[in-house]
Amino acid sequence: MNRVILGAVSALLMAGAGLFWWQGQAATEAAAPLPPTVAEVDERPAFDELPEEDGEGLIGPALPHVDEDTREEKRFNRLDRNRDNLVSRNEALMPRVAAFRKLDTDGNNLLSFEEWAVATSNRFKGADANGDSQLTRQEFVKTRPRQPKKPACRC
């Protein structure tokens, strides 16, 4: 019984919404501007001379200047923090400092083979889902370095 009443009420609501939408469309069309008359169309200014098809003697607007950096220039500018047009050793190594600090567990600013081996072993163990000390193709995919997310549009 409740379904019948609920269905009837929803049908009435939908019919009412359709009626309001239909009336709104009619009001919008009534307020639309009329198309121009023939007299208004004929009042357009006439062109004295039309250009010929070859365009001889015509000069278009100048193209805007685009200063597009190449990939290498962008990479250089990312590294050159102080904008002196020189990349020092510290500037070149700065992006890798965070990754180095993760591997340097004892904090002595020296990366020993043991520290590197432990990090690599932990990465292998994390990828080995079944614990058989062998990586299948599906497990090996987990060892791929993560790609950085592309920055959002700076429009």
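pLDDT is the predictor's confidence in each residue, from 0 to 100. This is a predicted model, where local features need pLDDT of at least 70, side-chain atom pairs count only at pLDDT 80 or more, and totals for chains, interfaces and linings use all residues. Residues are numbered from 1 along each chain as its sequence is written, and side-chain values use heavy atoms, leaving out hydrogens and water.

**Exercise 1. Find out how confident the model is, and where confidence is lowest and highest.**

Next, go helix by helix (helices are DSSP runs of H or I, at least four residues; strands are runs of E, at least two; both are numbered from the N terminus). Confidence is lowest in helix α2 (residues 38–42), with a mean of 57, and highest in α6, with 86.

**Exercise 2. Look at Asp80: which side chain of opposite charge is nearest?**

Then look for a partner, with Lys and Arg as positive, Asp and Glu as negative, and His and the chain ends not counted. Arg83 is the nearest side chain of opposite charge, 4.9 Å away, and buried Asp80 has no salt bridge (a side-chain nitrogen of Lys or Arg within 4 Å of a carboxyl oxygen of Asp or Glu). Still, the Asp80 side chain reaches the backbone nitrogen of Asp84 at 3.4 Å. Last, list contacts (heavy atoms within 4.5 Å): setting aside residues up to four places away in sequence, Asp80 touches Asn85, Leu86, Val87 and Glu91.

**Exercise 3. Search for aromatic pairs and classify what turns up.**

Rings of Phe, Tyr and Trp (its six-membered ring) pair if their centres lie within 6.5 Å; planes under 30 degrees apart are stacked, over 60 edge-to-face, and the rest tilted. The whole structure gives 1 pair. The rings of Phe113 and Trp116 have centres 5.7 Å apart and planes at 40 degrees, so the pair is tilted. Both sit in helix α6 (residues 113–127), 3 residues or about one helical turn apart. Finally, Phe113 is exposed at 59% relative accessibility, while Trp116 is partly exposed at 43%.

Terms used. Buried means under 20% relative accessible area, exposed over 50%, partly exposed in between (1.4 Å probe, protein chains only). A polar contact is a pair of N or O atoms within 3.5 Å; within protein, one must be able to donate a hydrogen and the other to accept it, and residues adjacent in sequence count only if both atoms are side-chain atoms.
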